[in-house]
Amino acid sequence: MRIRTTGSVVGRGLRALALTSMFLAAAAAVAAAGSRSGDLIDTQHRSIMRIAPGSDFPVTRKVTVGLDKSMLIEVPSDLQNVLVSNPEVIDAVVQTSRQVYLLAKNTGEANAFFIGPDGQRILLLEVSVTRDLSTLHDMFERLIPGSRIRAEMMGDTIVLAGTVTSPADANRAAELAGRFIKSPSGVVNMLDAKSKEQVLLKVQVAEMQRDALRRLGVDLPSAVLQTGSFTFAQVIQNSFPVTSSLVPKAAALAPGVAPLASAGVALQPTWQAGNQSVTALVQALERSGVLKTLAEPTLTAISGESAKFLAGGEFPVPIAQQNNSISVDWKQFGVSVAFKPVVLTEGRISLTISAEVSELSSDGAVSLDTITLPGLKVRRAETTLEMPSGGTLAMAGLLSDETRQSAEGVPGLKNLPVLGALFRSNDFRRRETELVILVTPYLATHTQARELAKPGDGYAPENSLRELFFGNINRVYGYSTVPRGYQGDYGFIIDYPGVKG
């Protein structure tokens, strides 16, 4: 008989007998875990495979061998050849004519063919070498009681499936699996928690904007001087580059006609003597404003899922298409919040959050023929953090102070003492912005319906007579314009600053 393998061939001798005794002793210790001979697919590592006498040849099996472990193959007839397709994954060690050891060397796939006399095919094996996860399963049962976790290898990655009692147990199982393969990133967590925890996120977005601008300028839109046959016409236009996009400049129409001004004061004096005339345009403007933006969205999401919030709107953006057609795309603006919570342990929350405050602005606007596209001013913050339930963090704070000042005029003349003010324009603008975003996550629980209030609770519409005589649009109590002693149903309070009944 001639037995050949593509791996190692161990000859018969004392060393082979000693090695055989050692493997048989190890195999006998775990023989209770052996697979039945009738199984076609063996997804778990088994130490012994026996082919029963009288089986129909060839017998086909799919087996899984743990990395750095071995499997004893016993066949009912003598073997002539043992062939291994990938010696780098498995190696075949022939002990006797009916016993062969498969040694797992590296993770991967391979085939093993067992050939009998006269080329008879006895056994065909499809071998998959992966890490033996029996130790990891025992650890799950011991450290995470009440869970049903299945761990499978996919290449160098562990896939966790099954159910656990809480999201915290799912995170613990993923951490244990990462330590087992010494690669936390090589774990795919597909565990399903029986009781999924919900996270309530309270976000406070507060922004204050202060804007101040000042204009003082003199233009000479028309100056005509005639001397004999010569006529001189001079035009001096001093621009306002700093605040021009906010307030249109005053325009001189004609001598004796009031100038066109959108804001501020515009004076247009004209001096004329015969054919000579000088028209001046004086513009003065001072403006200050305060803008307050406050939003307090409250979102609730299951651990591991995403939630979004938008308080604002959408504006159209035309997009050119073929055949001179135009389509419209809508862009969002306002206060937008999106977050994804993951409950790690009891009271600890990993939070991925992005907050954005945007508004339409004339800065950066684009004008195309008769279409004007507004610009969008955006303040955005994105971060990933870990917080306890009920803890508050100032996710982003922005304080900016912008000052612009410009003086334009006629070179040389604008620098003259006193009279230089007639040939220049002064432009000043200052903007202050302060933005704070506060984030507070909570572990959400259910509540009773009677403990909740709706915005319309307590509202009572007013009848026609009371609305006619007292000017009320709803029934009120507290301070009101209703004479004292008047009895009636109540609604809700509406107070205005500085106004009392």
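The legends below describe an overall view and several close-up views of one predicted protein model.

**Figure 1. Overview of the predicted model.** The protein has 4 helices and 25 strands; helices (H or I, at least four residues) and strands (E, at least two) are DSSP runs, numbered from the N terminus. Of its 501 residues, 34% are buried, where buried means under 20% relative accessible area, exposed over 50%, and partly exposed in between (1.4 Å probe, protein chains only). The accessible surface comes to about 30,300 Å², and 54% of this belongs to carbon and sulfur atoms; accessible areas come from the Shrake-Rupley method with a 1.4 Å probe, and for residues only the protein chains shown count as cover. Among contacts (heavy atoms within 4.5 Å) between residues at least 6 apart in sequence, 59% join residues at least 24 apart. Residues are numbered from 1 along each chain as its sequence is written. Local features need pLDDT of at least 70, side-chain atom pairs count only at pLDDT 80 or more, totals for chains, interfaces and linings use all residues, and side-chain values use heavy atoms, with hydrogens and water left out.

**Figure 2. A nonpolar surface patch.** L413, L416, V418, L419 and L422 make a nonpolar surface patch of about 470 Å². Patches are made of residues with over 30% relative accessible area and no salt bridge; like charges are joined within 9 Å, and nonpolar side chains (Val, Leu, Ile, Met, Phe, Trp, Tyr) within 5 Å. V418 counts as exposed because its relative accessibility is 78%.

**Figure 3. The surroundings of S358.** S358 lies in strand β22 (residues 348-368). With a relative accessibility of 5%, S358 counts as buried. Leaving aside residues up to four places away in sequence, S358 touches Q332, F333, G334, L376, K377 and V378.

Figure 4. Most residues other than glycine have a negative phi, and most peptide bonds are trans. F57 and P58 are joined by a cis peptide bond, with omega about 0 degrees, and P58 is found in the loop between β3 (48-50) and β4 (59-66). D68, although not a glycine, has a positive phi of about 65 degrees. This residue, D68, is in the loop between β4 and β5 (70-74) and is exposed, with a relative accessible area of 64%. D118 is also not a glycine and has a positive phi of about 60 degrees. The loop between β9 (108-115) and β10 (121-130) holds D118, which counts as exposed at 84% relative accessibility.

**Figure 5. Salt bridges.** Side chains of opposite charge can pair when their charged atoms come close. A salt bridge is a side-chain nitrogen of Lys or Arg within 4 Å of a carboxyl oxygen of Asp or Glu, and the count by this rule is 17. D78 and R98 form one, with the closest N and O atoms 3.0 Å apart. D78 is in the loop between β5 and β6 (81-84) and R98 in the loop between β7 (90-96) and β8 (99-104), so that the pair links distant parts of the chain, 20 residues apart. D78 is partly exposed at 33% relative accessible area, and R98 is partly exposed at 39%.

Figure 6. E356 forms a salt bridge with R380, with 2.8 Å between the closest N and O atoms. The two residues are 24 apart in the chain, E356 in strand β22 and R380 in strand β23 (residues 371-388). R380 is exposed, with a relative accessible area of 53%. Elsewhere, salt bridges that share partners join R210, D401, R430 and E432 into one network.
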